[in-house]
Amino acid sequence: MKKIIYIFLAIVISVVSCKDDDDNAITPPETFGTVALDFKNTINNTGIELGTDSYTNASNEEYTISELKYIISNIVLIKENGEEFKYPVERSYFVINEEVVASKKISLADINTGEYTKIRFGFGVEASKYPFESGMADFIPTAEENGMLWSWSAGYKFLKFEGTFTFGAKVDEPFIIHVGSHGATLDNYQEITVDLPEALTIAESSSPEVAINVDVAKVFDSTNTHSLDKASNVQVDPVNAPIIAKNISTMFSVTGVTN
């Protein structure tokens, strides 16, 4: 009987000792790295040229682009096991301006190290912060100077896409496509998830880049078809703006990862 008691006590002491070791174990410190997201606006796999090059959509309308700007937000990096790293919301709103080269490369810092296989981000501003949440305007400090605010203070333009088009008797007719959300019933915010062709490795000593292709032609032709001849001025438009917003959600793909 004494032998059994001794064995039992030995087991208890061993378990307590292991627990003490676990409690005293040093948790390795978190490590962080950086990544750059490089957006390239293209048509037919070629970079667009503002004001000079002409393109033809599926409605056989020839168009020239004079301005292209859009808002990228709420960036999330996703690991293969589904674990997510959410970039801080207050630092996660960006205006991409085709005319400004530096704006097309988004630099993200303080990201948990590891390997990521997907990226999720928003196009525009989510409904919970629209038209304006307290302090929300400060999240996109370049929005006003880029003309990404509605003049009547209703919130943000998610897309500002302008130029001219020719179709039939219409020659160099102006087009304006401004997509945003309005009130409680028209929510054009899009959440987009793209797969990476290879794992993105975030490490302390490296500066990887992710090349994101933006197929601008899909504004007109993708899930839906939009004809400029039928609607060349799309702004607060409950019919055509959602059609274009759905097309926008298909524009993005990752073409390369440089670790």
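At 30% relative accessibility, lysine 170 counts as partly exposed, where buried means under 20% relative accessible area, exposed over 50%, and partly exposed in between (1.4 Å probe, protein chains only). The model is predicted, so local features need pLDDT of at least 70 and side-chain atom pairs count only at pLDDT 80 or more, whereas totals for chains, interfaces and linings use all residues. Residues are numbered from 1 along each chain as its sequence is written, and side-chain values use heavy atoms, with hydrogens and water left out.

Because aspartate 229 lies in the loop between strand S12 (209-215) and strand S13 (233-234), and lysine 170 in strand S10 (residues 170-180), the pair ties together parts that are 59 residues apart in sequence. Strands (E, at least two residues) and helices (H or I, at least four) are DSSP runs numbered from the N terminus. Aspartate 229 is also partly exposed, its relative accessible area being 30%.

Under the stated criterion, the count of salt bridges comes to 10. One of them joins lysine 160 to glutamate 67, with the closest N and O atoms 3.6 Å apart. As lysine 160 belongs to strand S9 (residues 157-167) and glutamate 67 to strand S4 (residues 62-78), this pair ties together parts that are 93 residues apart in sequence. Both lysine 160 and glutamate 67 are buried. Through shared partners, salt bridges join Glu67, Lys69 and Lys160 into one network.

A further salt bridge is formed between the side chains of lysine 104 and glutamate 98, at an N to O distance of 3.4 Å. Lysine 104 counts as buried because its relative accessibility is 13%. Glutamate 98, at 11% relative accessibility, likewise counts as buried.

Threonine 258 is located in strand S14 (residues 252-258). With a relative accessible area of 52%, threonine 258 is exposed. When residues up to four places away in sequence are not counted, threonine 258 touches Pro208 and Glu209, a contact being defined by heavy atoms within 4.5 Å. The C-alpha atoms of threonine 258 and valine 35 are separated by 9.7 Å, and these two residues are 223 residues apart along the chain.

Conventions: A salt bridge is a side-chain nitrogen of Lys or Arg within 4 Å of a carboxyl oxygen of Asp or Glu.
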